[in-house]
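Here's a quick briefing to read with the structure open.

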Amino acid sequence: MKRLDEARVGVYVCHCGSNISATVDVENVAKWAGENLPNVICARDNKFMCSSLGQELIEKDIKEQGLTRVVVAACSPHLHEATFRGACQRAGLNPYLFDMVSIREQVSWVISDRAIATEKAKALISGGVRRVIHNEPLEPILVDINPNVLVVGGGIAGIQAALEIADSGSHVYLVEREPSLGGHMAQFDKTFPTLDCSACILTPKMYSAGNHKNITLLTYSEVEKVDGFIGNFTVKIRQRARKVKIELCTGCGACEEKCPKKVVDDVFEAGLGFRKAIYRPFPQAVPKYPVIDVENCTFFQRGTCKACEKFCPTGAIDFKQEDEIITVNVGNVILATGFDLFDSRRIPQYGYGRLANVFTSLEFERLSNAAGPTGGKVVLRDGVTVPQSVAIVHCAGSRDRNYNKYCSAICCMQSLKFAHLVKERTGARVYNFYIDIRTSAKAYDEFYQHIIEEGILFVRGKVAEVTDAARLSGEEGKLIVQVEDTLVGKQRRIPVDMVILSAGLEPRHDAKEVGKKFGISCSMDGWFIERHPKLDPVATMTDGIFIAGACQGPKDIPAAVSQGAAAAARVQGLISQRQISLEPVRASVDAEKCSGCRICNTMCPFNAIAFLADRQVTEINPALCQGCGTCVSACPAGAITGTHFSNEQIMAQIEGVLMLDLRQMAMA
Amino acid sequence: MPGNGFEPVIVGFTCNWCSYRAADTAGMARIKYAPNVRLIRLMCSGRLDPQFVLKALAEGADAVFISGCHPGDCHYIEQNYKTMRRYELLKRTLAQLGIEDGRVKLVWASAAEGAILAEEINKMVAEVKALGPLNWKLEARS
């Protein structure tokens, strides 16, 4: 459909105050465009095109001058493409007959020479005009939004999101891979800055989530496959076999008590304590049903025992129980999969794993917790000795080019909290070794001041080494922290009984695979990527998939809760719209031209491309297609066209930016 | 031969999600870099049809700059791997046509890497300046 002769193009060059006009001669450019570019009926310049006056200018010209195409040369399309498309639509022009050329971020802000900048602006506008002539009117695709929601991850962020959505009346599937809700927060002793007992503030929410009429709790479960698109996801979830019939189990705990097999609990107890082969991760677990750890269960490994079955009063043990695959249909997904702790063994000079009394932060949380393996006593690895001096090392594995460059956000507050708890429980001499003290949120710095007043000793220096090789007197039998005390300007060796490493936060080891299942990506550090780091932290580039909590980046509990609530609100907004429109940038196959070579069939990560065996041609599902265009450029027959980024449009834009037609005209 | 005053004209293809936003980031940071690259926005570097590169060179460009999301970070999951494969094959074809290696370049840039994009563009412009004009179609240039 060649409209080359019929197109009536309006060009609008924005001053953007002086952001553009200070460097680009915008009046000259507008005049030039009107006189030289093909099909340009009117060309104007304006101080602020995005203002209502600027937009009205476009609307007026569309109506009075019969414009059929509009080009605005201003800032980045990422800012105002939607604004001007709206103006076109209000004036009765299809919004996809509009093109935006960036002469601010790409020209005036990056070039100093006025003549060069003006010339480049002209070239880019020429490209825009040549391209827009080939634009076709497009209608957005309408999709229904299924009101069900999937929340992946049963930590504090996921629980918050699930509760808010469930309270609003929509149904939530809450999937958690561990046998219980709670996440890392369930492991903590006290939370900063209030020193609230972590379990006390968490368990009411866990209980609400576990018993909410609008929440289907799927613990000991994992998402296997995701198909579909926003409003219409089909998700396969593997519910692993607990080997316990939950309809019969009363949660009495007799099985756990009678089980003879003890296993080191390296998940919840961080390796410091034991659990049984049939177990609940902790007493307040939600749901209350235990699971059998098949790899450590005597019956599954050797065929004997069955003590749990013998002692269960309701006959709830079912060794033959199989995994179940559940398929759910949801409209939106919130990922709240949390973090893993940095493995401190990667820093050999800190001695973790080799020197007995070097502990990680999570290990210390379990020591300090009254329900932990030592009943809340802060003692050394021998389980008996109370330390008289303790070193707390900030930034273990964080802010470090050798490990993770980023700051893990919570370790300073956590380290101060540890200092307080150690002092309170043991009266020991406590040293905090820090690089900076980061206590910026509400009531955090007051907490820091309070800790200083408790007589905690602060040494500003990144710990170089923790060693048991005594050199000086007083070091025998101790752990020596070697550090440069930067405020004093001296190397120091400080002997202590116990070292706590505030290990950094890392993305989950399988974050990339999980992200791939849902069609979102991870940053270079491995955290899920948000749509915009400042203005859109809970949405992702994939419509319908949201992220909340530590999986987006290290953060404390208030921030995780806020993000859970924010993601829930975004989802609720979509649900209440019932129907949304998708960008009609899509690919489609001209069946007449398709030879059935199927080269394109393997190109689509969204499964939008299907081969019709009966007709021996390929077809593209416009609802699944995300509009990347990879199949368009793959087709050797040119049978696939991509709307809004067609070959005609791009070829014309190439000619335009090279000002081909103008040079030819000049030579003719 | 490359002499004083030769300013190459380079057509650039960026993807909507990463590299175009990288150019925006460079602009927001007011980084001044070589003005020779005229960017065309595609939704994905996977949309880059090798025909576009040939068209650009044939119609007067001295070089082509291609940029997309880092491997593993493609907004459409894995399409930039296809870009990589096509690029490698394209380079061999171009070599057979006698087009110098420095005239077509593929660079990855994430949305935050405005400075890196600017630096890569500066490097490429310097390289193409040294190579001189392509002069594919002598009669098209005035």
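**The sheet in chain A**

Strand 11 of chain A and strand 12 (residues 232-239) of chain A pair up antiparallel over eight bridges. Strands here are DSSP runs (E, at least two residues), as helices are (H or I, at least four residues), numbered from the N terminus, and two strands count as paired if DSSP finds at least two bridges between them. Keep in mind that this is a predicted model: local features need pLDDT of at least 70, side-chain atom pairs count only at pLDDT 80 or more, and totals for chains, interfaces and linings use all residues. Residues are numbered from 1 along each chain as its sequence is written, while chains are lettered from A and ligands numbered from 1 in the order in which they are written.

- Gly228(A) sits opposite Phe233(A) in strand 12 of chain A.
- Three strands of chain A make an open sheet, ordered 11-12-17, with antiparallel pairing.
- Strand 11 (221-229) and strand 17 (324-330) of chain A are the edge strands, each pairing on one side only.

**Chain B: fold**

- Chain B has four helices and four strands.
- From the N terminus on, the elements of chain B go β-α-β-α-β-α-β-α.

- The C-alpha trace of chain B spans about 40 × 35 × 20 Å along its principal axes.
- Buried residues (20 or more other C-beta atoms within 10 Å of their own, with C-beta atoms placed from the backbone) make up 57% of the 142 residues in chain B.

How values were computed:
A residue is buried if 20 or more other C-beta atoms lie within 10 Å of its own, exposed if 12 or fewer, and partly exposed in between; C-beta atoms are placed from the backbone.
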